[in-house]
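Thanks, everyone. I have one structure to go through today, and I will keep to the geometry.

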Amino acid sequence: MTYPDPTLFGHDPWWLIIAKALFIFVFLMLSLLVAILLERKILGWMQMRPGPNRVGPWGLLQSLVDGVKLALKEGLVPAGVDKFIYLAAPVISVVPAFIAFSVIPMGGEVSVFGHRTALQLTDMPVAVLFVLAATSIGVYGIVLAGWASGSTYPLLGGLRSSAQVISYEIAMALSFAAVFIYAGTMSTSGIVASQVGLWYIFPLLPSFVVYLTSMVGETNRAPFDLPEAEGELVGGFHTEYSSIKFAMFMLAEYVNMFTVSALATTLFLGGWHAPWPINMWDGANTGWWSLLWFIAKVWTFMFLFFWLRGTLPRMRYDQFMALGWKVLIPVSLVWIVIVSSARALRNQGYGQVATGLITVGAVVALIILFALWRAVRARNIRKIPEQAVDAGVFPVPPLPTKEKTDA
């Protein structure tokens with residue numbers, strides 16, 4: 001197997017760079033149509049209903065005709081909106097979603113018309129931070145859409161999204177830090193190359209769980225779809241949007257799902273490396289086979305998105321924010337300290353077995369301390385007398401006394 005050298009990126013012929021950019025765009029657009037159809041089919045199967053089955057054989061053309069319908073519908077602009085920002089918000093959401101995919105390694109080196117090139121548009125020493133920055137800019141489209149609509153419920157959806165991205169971007173970035181420490185690089189192709197013998201999902205499982213939770217919140221997907229919760233916000237930030245402008249928000253959501261899934265594959269599942277036992281075959285990670293393993297891993301995460309939507313109810317907003325600030329961020333900080341200590345021990349000459357035992361011991365000790373804290377806290381809560389419930393904050397009616405009950 002051959003790994004691309006990051007210094008070689010940008011030296012491909014101009015036509016090959018354009019071809020790879022078009023390939024990424026077409027791949028994401030076709031994957032979007034398939035994802036919408038599969039999501040409706042899978043949710044229908046989970047809920048014991050047929051799903052789309054009218055347009056085309058087995059309903060395969062339903063996503064295509066839905067896109068044509070949205071493009072041909074009349075585009076309405078409500079009165080009183082900030083027109084420039086109102087029209088620019090969908091574009092701001094879509095463009096960073098595609099740009100973030102430019103540094104994702106989709107495969108190893110292949111031959112295209114006699115030219116050896118990597119299945120990756122470009123790479124840089126801080127490629128993962130570039131993805132994080134691009135996805136952060138995309139959220140501005142949601143915030144500006146809610147503000148520019150001039151309506152109450154879109155504004156509330158935009159405010160929720162801004163608070164959501166602040167909390168869950170921090171947790172996501174902290175989960176990346178452990179990978180950077182382990183791999184010794186922020187280059188996406190370098191991180192994939194460092195996972196030849198062991199995927200990072202195994203030694204960095206807490207980071208993977210934190211990232212898995214953060215990426216669902218980052219993409220506004222159920223059960224974390226609070227910026228567009230129809231139960232209390234009608235349609236959320238895109239309530240005042242229709243036609244192609246609404247379709248662009250939907251496009252951005254699904255492309256972001258593919259981006260965070262591809263990033264999870266790159267950071268924790270070995271990227272385009274073949275899974276065991278297929279990797280025992282010498283040619284498994286060569287040529288175009290690597291693209292197949294990458295796509296299979298990405299679609300595994302996409303199925304997880306669909307599964308969560310059909311399984312879990314939407315969380316309350318206070319529960320959602322508490323999960324980010326009180327659970328994910330503290331766990332990530334403690335885990336970074338443990339990973340850094342383990343890395344320092346290995347640099348000092350301690351063996352992998354000794355370092356692993358120390359790491360496992362630290363994690364078990366923290367779990368025991370957390371369980372003891374929860375037990376003591378629960379016992380203290382049970383000791384609160386019933387009279388203390390009526391603290392005068394809310395108008396609570398007086399509890400019936402024994403004399404009134406007997407009367």
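How are helix 7 and helix 9 oriented to each other, roughly parallel or roughly antiparallel? Before I answer, the conventions. This is a predicted model, in which local features need pLDDT of at least 70 and side-chain atom pairs count only at pLDDT 80 or more, while totals for chains, interfaces and linings use all residues. Residues are numbered from 1 along each chain as its sequence is written, and side-chain values use heavy atoms, with hydrogens and water left out.

The protein has 13 helices and 2 strands; these are DSSP runs numbered from the N terminus, H or I of at least four residues for helices and E of at least two for strands.

Now the answer. Helix 7, residues 205-218, packs with helix 9 at an angle of about 175°, the axes being 11 Å apart. Axes here are lines fitted to C-alpha atoms, for helices over the stretch in contact, and angles run from 0 to 180 degrees between N-to-C directions. Helix 7 and helix 9 are therefore roughly antiparallel to each other. The classes are: under 35 degrees roughly parallel, over 145 roughly antiparallel, 65 to 115 roughly perpendicular, and the rest oblique. On the helix 7 side the contact (heavy atoms within 4.5 Å) is made by S207, F208, Y211 and M215, and on the helix 9 side by V260, L263, A264 and F268.

Next, the other partner. Helix 9 (residues 243-268) and helix 10 (residues 289-311) have axes that come within 9 Å and cross at roughly 125°. That makes helix 9 oblique to helix 10. Among the residues making this contact are Y254, M257 and F258 of helix 9 and W299, F301 and M302 of helix 10.

Helix 9 itself has 26 residues and reaches 38 Å from its first C-alpha to its last, close to the 38 Å expected at 1.5 Å a residue; the expected span is 1.5 Å times one less than the number of residues. Of its 26 residues, 22 are buried, where buried means under 20% relative accessible area, exposed over 50%, and partly exposed in between, with a 1.4 Å probe and protein chains only. For the protein, buried residues make up 43% of the 407.

F249 lies in helix 9 and counts as buried at 6% relative accessibility. P90 is 159 residues away from F249 along the chain, yet their C-alpha atoms are separated by 5.7 Å. Leaving out residues up to four places away in sequence, F249 touches A89, P90, S93, G141, A145, F237, H238 and Y241.
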